[in-house]
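Take a moment with the sequence and the structure before reading on.

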Amino acid sequence: MIERGDGPPSPSLAKRIEFVSDGEVTAAELLGLSVNKGVQEDPAPFTQAPAKLSEEARALGLDPEAIAEKAVQDAVKRKRIDAWIEENREAMDTNAKDIRENGLWSDGLRLF
């Protein structure tokens with residue numbers, strides 16, 4: 001689900017991913033929560049959109065700079081997650097194969 005980009009993981013899965021990645025990928029990032037790592041740079045000026053579009057956005061109560069910054073943050077986060085998935089693909093595939101072949105350790109404990 002995460003790999004396909006269908007949605008965020010459950011909080012417990014996000015915490016497990018954070019644990020196995022030694023914090024390289026945080027649960028907050030996977031869940032889309034805002035995280036301030038203590039280093040904050042001044043946002044780059046919003047110069048990509050035409051002035052007329054920026055003016056219209058402001059007239060509608062939108063903040064083009066904030067929208068652009070959020071879009072860049074989301075793109076960087078997605079790339080980091082994709083890189084982590086690719087780096088750990090072999091381990092995830094091995095785990096999935098083991099579960100297919102042997103089932104889950106809790107299979108005999110379920111009441112449903």
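**Helix α4 and what it packs against**

Start inside α4, where P64, I81, W84 and I85 are buried. Keep in mind that this is a predicted model. The buried residues of α4 pack against α1, α2, α3 and α5. Helix α4 covers residues 64-87.

Now step back to the whole chain. The protein chain has five helices and zero strands. Along the sequence the pattern reads α-α-α-α-α. Of its 112 residues, 17% count as buried. The protein chain exposes about 9,100 Å², and carbon and sulfur atoms supply 57% of that area. Among contacts with a separation of 6 or more, 33% join residues 24 or more positions apart.

Next, the core. In soluble globular proteins, nonpolar side chains tend to be buried together. Which residues make up the largest nonpolar core here? There are eight: A14, I17, V25, A27, L30, I81, W84 and I85. The largest share, three residues, comes from α4. Side chains of opposite charge can pair when their charged atoms come close. The count of salt bridges comes to six. One of them lies within α4. D74 forms a salt bridge with K70, and the closest N and O atoms are 2.8 Å apart. Both residues lie in helix α4, four residues apart, about one turn of the helix. An α-helix has 3.6 residues a turn, so residues three or four places apart point the same way.

Another salt bridge joins E65 to R58, with the closest N and O atoms 2.3 Å apart. E65 is partly exposed at a relative accessible area of 29%. R58 counts as partly exposed at 41% relative accessibility. E86 forms a salt bridge with R89, and here the closest N and O atoms are 3.0 Å apart. R89 is partly exposed, with a relative accessible area of 26%.

Follow the chain into α5, residues 89-102. At 1.5 Å a residue, the 14 residues of this helix should span 20 Å. The end C-alpha atoms of α5 are 20 Å apart, which agrees. After α5 comes G103, whose phi is positive, near 75 degrees.

Finish on the surface. Which residues form a nonpolar patch there? L60, L62 and I67 do, with about 310 Å² of accessible area together. L62 sits in the loop between α3 (51-59) and α4. L62 counts as partly exposed, because its relative accessibility is 44%.

Notes
Residues numbered from 1 in each chain as written. Predicted model: local features only at pLDDT ≥ 70, side-chain atom pairs only at ≥ 80, totals over all residues. Heavy atoms only, no water. Patch = residues over 30% accessible without salt bridge, like charges linked within 9 Å, V, L, I, M, F, W, Y side chains within 5 Å. Areas by Shrake-Rupley, 256 points an atom, 1.4 Å probe, with all protein chains shown as cover. Salt bridge = Lys/Arg side-chain N within 4 Å of Asp/Glu carboxyl O. Helix = DSSP H or I, 4+ residues; strand = E, 2+ residues; numbered from the N terminus. Buried < 20%, exposed > 50% of the residue type's maximum accessible area, 1.4 Å probe, protein only. Expected span 1.5 Å × (residues − 1). Contact = heavy atoms within 4.5 Å. Core = buried A, V, L, I, M, F, W, Y, C linked by side-chain atoms within 4.5 Å.
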